[in-house]
Structure formats: structure tokens, C-alpha cells
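Please open the model in your viewer and keep the selection tool at hand; the tour below goes from one selection to the next.

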Amino acid sequence: VVNVTEVCRLQAVTIDGQPMPNWESRFGLSSSRLLTDQPIDLVATELLGADDIVKVDVNFALPGTIQIQTNDYTPSAFLVDRTIGEVWGLDQSGRIVPLDKDVANWELPFFTGLVAGRAYGGCDDLRVGVVLSQLAQLRDDDPDAFTLVGELNFASSDFVLVRLEGLQVPLKTESVGLARQIAAAVNFVRTYQPDLSDAKVLDARFGNLVIKEFIPDTTK
């Protein structure tokens with residue numbers, strides 16, 4: 001049907017959800033050719049030549065529309081710049097992306113203690129990509145534990161400090177193995193319900209152990 005009828009000839013082009021005006025005079029697109037016979041590679045190449053466009057997705061919508069989406073990154077977490085407090089998105093690959101004006105989901109984890117680089121670039125801290133991968137694993141393996149993750153602080157080079165909803169003290173973890181360590185700590189607290197009133201932090205970096213670090217007693 002696509003190849004032998006007039007139905008699937010190009011009739012309209014949208015970019016970022018909006019109709020593209022004068023599309024027949026741009027990118028070599030033509031209404032006289034089939035939808036599948038348009039120079040899509042040329043469209044992507046020319047758009048990527050713009051300074052503010054780093055990603056182009058092109059989709060076909062039958063019967064005759066080409067849908068172009070630029071810079072479509074879905075945040076997997078938020079990054080709070082430690083210098084000026086500006087909030088950015090982090091996609092699953094660790095790319096820093098601007099946020100839409102109306103963010104629909106603020107339930108994602110917040111990464112703190114980091115300096116945000118340029119938009120669509122990566123973070124200097126190589127642990128960010130590892131932690132994002134670990135969080136994806138935690139979301140798949142233990143979604144209940146994942147929903148508790150509120151903040152991950154990278155200020156220390158020795159550990160990632162995780163704050164979990166409902167847990168009154170933070171949790172020290174390693175970037176590699178973070179998913180297992182968070183799940184183990186959550187299971188430990190749920191199972192044994194330890195008294196954490198005198199705890200400063202929990203440390204989950206030592207195999208199956210969860211170590212409670214005490215608040216120093218200043219009265220002695």
C-alpha cells in the first residue's frame with residue numbers, strides 16, 4: 001500500500017509537536033515522493049548542525065506525516081548544581097539535560113554534591129553513570145526500595161551518601177554495588193527495626209553487614 005498508492009505521500013511535517021511551516025522548501029522534502037522515500041538522513045544532519053540541537057528522532061505517522069523530535073531526553077534523575085543550586089535532569093546515560101518548564105514527575109532521585117557541566121554534556125564524576133545504572137537495576141529488582149531513594153550525595157570521594165524516605169539517618173554506599181547495598185539496608189531496617197536514635201549514619205559497604213556509626217557521646 002505504501003509503495004503503490006498516493007495515500008502515503010508526504011502531506012505534513014511536525015517538529016517538536018508543532019507544524020513546520022514551508023516544509024517543502026526545507027531539507028529536500030517533497031510532497032511528490034512517498035513518505036518512506038524522503039531524505040531523512042539529510043534532515044537529521046542539517047538539524048544537528050544547529051548549536052542547540054544534539055539529538056534528532058524522526059518518526060513516520062501514517063498516512064503522510066513525518067514527526068521530528070529534537071533534544072528529547074527523559075530524565076532518570078535530577079542533578080542539583082552545588083555551586084548555584086540550579087536543577088537539571090540526568091538521562092540514563094548521564095547526560096545533563098534541561099528540564100521542561102512543567103516537570104510532571106518530581107519523584108525521581110536527586111543527585112547532589114556535583115558541579116553541572118554544559119547542557120547535553122556529562123558529569124566529571126565518573127560515578128554518576130555507574131550509579132544511574134545501579135538505580136535502574138534497583139528499580140527492576142526491588143521497586144519498593146527504589147521508591148524510597150530521595151537523595152544521593154557525591155561530595156565525598158570515598159562513598160555515595162544515600163538518603164532514604166522514612167529512614168532517619170543516611171546510608172553510606174559504594175557506586176558499584178549500590179543497588180544491592182540499598183536493598184540490603186532496607187531489608188535490614190524492615191526486618192530488625194533497629195533503634196537508630198543514637199546513630200549518625202548506616203554503612204552498607206561491607207558485604208552482608210550493615211554497620212551503625214554512633215553519634216559521639218559528648219557528656220563523657
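Is Lys55 buried, partly exposed or exposed? Lys55 is partly exposed, with a relative accessible area of 27%, where buried means under 20%, exposed over 50% and partly exposed in between (1.4 Å probe, protein chains only). The model is predicted, so local features need pLDDT of at least 70 and side-chain atom pairs count only at pLDDT 80 or more, while totals for chains, interfaces and linings use all residues. Residues are numbered from 1 along each chain as its sequence is written, and side-chain values use heavy atoms, with hydrogens and water left out.

The whole structure holds six salt bridges.

Next, select Glu213 and Lys172, whose side chains form a salt bridge at 3.2 Å, N to O. This pair links distant parts of the chain, 41 residues apart, with Glu213 in strand E13 and Lys172 in strand E11 (residues 171-173); strands (E, at least two residues) and helices (H or I, at least four) are DSSP runs numbered from the N terminus. Lys172 counts as buried at 14% relative accessibility, whereas Glu213 is partly exposed at 22%.

Finally, move to Lys212, which forms a salt bridge with Asp198, the closest N and O atoms being 3.2 Å apart. Lys212 lies in strand E13, and Asp198 in the loop between helix H4 (178-192) and strand E12 (199-206).

Methods
A salt bridge is a side-chain nitrogen of Lys or Arg within 4 Å of a carboxyl oxygen of Asp or Glu.
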